[in-house]
Structures are given as structure tokens and as C-alpha cells.
Amino acid sequence: MSGVRLRVDRVACDGRGFCAEVAPELIRLDDWGFPIIEQGVISGHREADAHDAVELCPKLALWLEEADRTGPSQ
């Protein structure tokens, strides 16, 4: 498995912070409560956390991309 990358639509997000509660290893919040997403490929148990964060986002502002489709890690 190649893993995934977590992405956020900053326009759709309203800063509720559920994502950071579910996946604190992947997401931290800025001073206003908006997510700062860890860059790079996510795999293993952290991938399950990323899926949970996407599913719990009330504004549908998070999504996952297959890592092999997004090019090299940044």
C-alpha cells in the first residue's frame, strides 16, 4: 500500500477542530482553530486516523488522495 495524503479545503472549513481531536498526530490547529495538516504520505495506523477525521468533518472540508497520484512527498 502506498498510503494517502490528507487535504483540506480552507474555504469550506469553519474551524470546529473535530479533525484535530480525532487525528492529533496528523492535524494541529492554528490560533483560530483551523487545521494545519501534516505534509507527506500517511500510512499504517495513522491512515485509519486520517479516514476518521475525513468522516467526522461536518463541513466536508477534508479529503484523502492516493499518495502515488500526488507526486513526490513534500
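Helices, at least four residues long, and strands, at least two, are DSSP runs numbered from the N terminus. In this predicted model, the protein chain has two helices and four strands. Followed along the sequence, they come in the pattern β-α-β-β-α-β. The radius of gyration of the protein chain is 11 Å, close to the 11 Å that the globule rule gives for 74 residues, so the chain is as compact as a globular protein of that length. Taken along the principal axes, the box filled by its C-alpha atoms is roughly 35 × 20 × 20 Å.

Contacts show how the chain is folded together. Among contacts with a separation of 6 or more, 65% are between residues 24 or more positions apart.

The inside of the protein comes next. Of the 74 residues in the protein chain, 35% are buried. In soluble globular proteins, nonpolar side chains tend to be buried together. Here the largest nonpolar core has 16 residues, and those with the most contacts inside it include Leu 26, Ile 37, Ala 53 and Leu 62. Strand 1 (4-8), helix 1 (18-22) and helix 2 (45-56) are the elements that give two or more residues to this core. Strand 1 gives the most, with three residues.

Leaving aside neighbours within four places in sequence, Ala 53 is in contact with Cys 19, Val 22, Ala 23, Ile 27 and Leu 62.

As for charge, the protein chain carries 8 positive and 14 negative side chains. The centres of these two sets lie 5 Å apart.

How values were computed:
Residues are numbered from 1 along each chain as its sequence is written. This is a predicted model: local features need pLDDT of at least 70, side-chain atom pairs count only at pLDDT 80 or more; totals for chains, interfaces and linings use all residues. Side-chain values use heavy atoms; hydrogens and water are left out. A nonpolar core is a set of buried Ala, Val, Leu, Ile, Met, Phe, Trp, Tyr and Cys residues joined through side-chain atoms within 4.5 Å. Buried means under 20% relative accessible area, exposed over 50%, partly exposed in between (1.4 Å probe, protein chains only). Contact means heavy atoms within 4.5 Å. The radius of gyration is taken over C-alpha atoms; the globule rule is 2.2 Å times the number of residues to the power 0.38. Lys and Arg count as positive and Asp and Glu as negative; His and the chain ends are not counted. The place of a charge is taken as NZ of Lys, CZ of Arg, CG of Asp or CD of Glu.
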